[in-house]
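The tour moves by selection, one stop at a time.

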Amino acid sequence: NAIGTAYSSNISFTIQLPLVGATPRVAITTLVAVQGSVTFEGSAPVTSRGVCWGSSLNPTLADNVVTSGSGTGNFTVGFTKPSAGTYHLRTYATSEVGTAYSNDYQFVIT
């Protein structure tokens, strides 16, 4: 207000989403192979991890999904090369708290 700004005391949160590797590596032959990692589980164990991909920016679990186990660590997934076009992918990790995604990565099939 006109007098100034007031702040509440600090509040700490203990619920955290998993931390997903931000640099998946993509190799394209007859398959698209993607390497990702889950480096931190957050507040609950990671129950599913993998890659989601599609033709739109920032694909989600509602798009094409390939899973690769659970927990932390590196993982590799593969899927059949789609037809020619521009696609996007993100690695993901899901726990009971929610789903976390990596950055969006674009790849082109010619």
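A residue counts as buried when its relative accessible area is under 20%. Select tryptophan 53 with that cut-off in mind. Its relative accessibility is 12%, so tryptophan 53 is buried. Keep in mind that this is a predicted model.

**The whole chain**

Zoom out and colour by secondary structure. There are nine strands and zero helices. Read from the N terminus, the order of elements is β-β-β-β-β-β-β-β-β. The protein has 110 residues, and 35% of them are buried. Of the contacts with a separation of 6 or more, 63% link residues 24 or more positions apart.

**Confidence**

Now colour by pLDDT. The protein's average is 83, and 79% of the residues score at least 70. Select residues 19–20, strand S1: among the elements, S1 has the lowest mean pLDDT, 65. Strand S5 has the highest, 96. Then select residues 11–15. Here the pLDDT is below 50, and beyond near neighbours in sequence the stretch has three contacts in the model.

**The aromatic stop**

The whole structure holds four aromatic pairs. Select tryptophan 53 together with phenylalanine 79. The two rings are stacked, with 4.5 Å from centre to centre and 5° between the planes. What does this pair tie together? Tryptophan 53 belongs to strand S4 and phenylalanine 79 to strand S6, so the pair ties together parts 26 residues apart in sequence.

Stay on phenylalanine 79. Its relative accessibility is 7%, so phenylalanine 79 is buried too. Leaving aside neighbours within four places in sequence, phenylalanine 79 contacts Leu31, Val32, Val34, Trp53, Val66 and Phe107. With Trp53 and Phe79 they form one aromatic cluster.

Nine of its 11 residues are buried, so S7 is largely enclosed by the rest of the structure. Visit its partners in turn.

- S4: S4 and S7 run antiparallel, joined by seven bridges. Pick glycine 54, which stands opposite histidine 88 in S7.
- S9: the pairing with S7 is again antiparallel, over five bridges. Pick tyrosine 87; its bridge partner in S9 is phenylalanine 107. Both residues belong to the aromatic cluster.
- S8 (residues 98–101): four bridges join S8 to S7, and the two run antiparallel. Pick threonine 94, which stands opposite threonine 99 in S8. A hairpin of two residues links S7 to S8.

**Last stop: a loop residue**

Select asparagine 58. Where is asparagine 58 placed? It is in the loop between S4 and S5 (64–67). Most residues other than glycine have a negative phi. Asparagine 58 is not a glycine, yet its phi is positive, about 55°. Is asparagine 58 buried or partly exposed? Its relative accessible area is 36%, so asparagine 58 is partly exposed.

Technical notes
Residues numbered from 1 in each chain as written. Predicted model: local features only at pLDDT ≥ 70, side-chain atom pairs only at ≥ 80, totals over all residues. Heavy atoms only, no water. Contact = heavy atoms within 4.5 Å. Buried < 20%, exposed > 50% of the residue type's maximum accessible area, 1.4 Å probe, protein only. Pairing = 2+ DSSP bridges. pLDDT = per-residue confidence, 0-100. Phe/Tyr/Trp six-rings, centres within 6.5 Å; stacked < 30°, edge-to-face > 60°.
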